[in-house]
Amino acid sequence: MKKFVLFLFIILSVSLVTSPISAEEAYYYTDKVEHIFTHCLIAYPGLAFDRNNDMRSHYARDCITYTEFSSMLSLLEENDYCLVDINDAFEIKDGKAVKKKIRVPKGKKPLIMSFDDVVYDHKKAGKGMVDKIGIDSNGELCAITYREGKEFLSYNNEFVPILENFVKEHPWFSLNGAKGTINLTGYDGILGYRTQGKNKVNREEELEKAKRVVEKLKNNGWTFASHSYGHYHMKEISDEQFEEELRLWRDEVESLVGQTSVYVYPYGEWVIAENGKISKKHELLKEYGFKLFCGVGMKQFFSYLPYSGDLEKSLFMDRKVIDGFALQERQTDLAPLFDASLVIDKHTRQLV
Ligand SMILES: [Zn+2]
């Protein structure tokens, strides 16, 4: 019997490796979809965790290093996750977003990955992150850091080039070339380019550069979502301020990245219903074309909110945060995805 099982195993393994499986056999439907997110990576840990760096505790808590990100990708791949496009997780029926089952190769689990606050704002320059996403002379995506006025290109210390290369080496990690969703604000530009309306110095030049990078990212399977314009607490600003935020995002960011149906709440803070009805802010979000709303939470769920009452429901997806705090303190919650104890770099974080 054992011999027969072994024989069967060998035959199956060989056939999996040698004969391509037809799409019909290889794909099946699933309705379980995980969504994880992180921020721009710590590209220079020595600098980021330096005791004199005023961003040190923020980086330690809210970000992960480039080595931690790479380790996480390897474990996710080993655990049979594969990246899917967030826009394939829902469809529009009668003008409303509804869940859609995702087709993935047999044995694979769909995973949405997104990246918040991809600004490379002024206050972070020279403090441990790269300075922008760029395109090298071969037309490939890279990260750019400035040091003493010189430009340094890198490929292994920021999520865009790391994921680009990882998918090249592990094509099964990505379904139909999907990469990640980049969640953009606009107050200090996008992707390291000062595209904000307030830039009166070299805005036109920056807009042109940003457009080239956006186009390359889109061609390579990246998508974009709104993360508000000014990254305010939704509950703390007035309806009028909120509307102005939406207008600014449409004028200065959507004009660069194109329309998106996905809205990612800053701080994972949302106001959908208020005083027994749909809030003015949520009505505005819908008016501006947003249909899928994303929060932050370890108990990942994909559902319709508000839960109770007869109010009109909106499609909502929670996202698990991958940051320094979660790698250290939320290992049990992250266990279904990967073993965070194998990812966290305690040595670099000076925790050992
Ligand atoms: Zn944010």
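Two residues count as in contact if their C-beta atoms, placed from the backbone, lie within 7 Å. Keep that handy for the exercises below. The model here is predicted: local features need pLDDT of at least 70, side-chain atom pairs count only at pLDDT 80 or more, and totals for chains, interfaces and linings use all residues. Residues are numbered from 1 along each chain as its sequence is written.

**Exercise 1.** Work out what share of the contacts between residues at least 6 apart in sequence joins residues at least 24 apart.

*Solution.* Start with the contacts in the protein chain between residues at least 6 apart in sequence. Then pick out those joining residues at least 24 apart: they make up 69%.

**Exercise 2.** Count the helices and strands, then compare the radius of gyration with the globule rule.

*Solution.* Helices (H or I, at least four residues) and strands (E, at least two) are DSSP runs, numbered from the N terminus. The protein chain has twelve helices and 19 strands.

**Exercise 3.** Find the buried residues of helix H9 and say how they sit around its axis.

*Solution.* A residue is buried if 20 or more other C-beta atoms lie within 10 Å of its own, exposed if 12 or fewer, and partly exposed in between; the C-beta atoms are placed from the backbone. In H9 (residues 280-287), Lys281, His282 and Leu285 are buried. They cover an arc (from the directions from the helix axis to the C-beta atoms) of only 100°, so they are on the same side of H9. What covers them includes helix H8 (239-257), strand E13 (262-264) and strand E15 (277-278). Just after H9, Gly289 takes a positive phi of about 100°.

**Exercise 4.** List what Tyr263 is in contact with, leaving aside neighbours within four places in sequence.

*Solution.* Its partners are Ala225, Ser226, Leu285, Phe290, Phe293 and Cys294. Tyr263 and Phe293 are also among the residues with the most contacts inside the largest nonpolar core, which has 91 residues. Such a core is a set of buried Ala, Val, Leu, Ile, Met, Phe, Trp, Tyr and Cys residues joined through C-beta atoms within 7 Å.

**Exercise 5.** Describe how strands E4 and E5 are joined.

*Solution.* E4 (residues 90-93) and E5 (residues 96-99) run antiparallel, with four bridges between them; strands pair if DSSP finds at least two.

Technical notes. The radius of gyration is taken over C-alpha atoms; the globule rule is 2.2 Å times the number of residues to the power 0.38.
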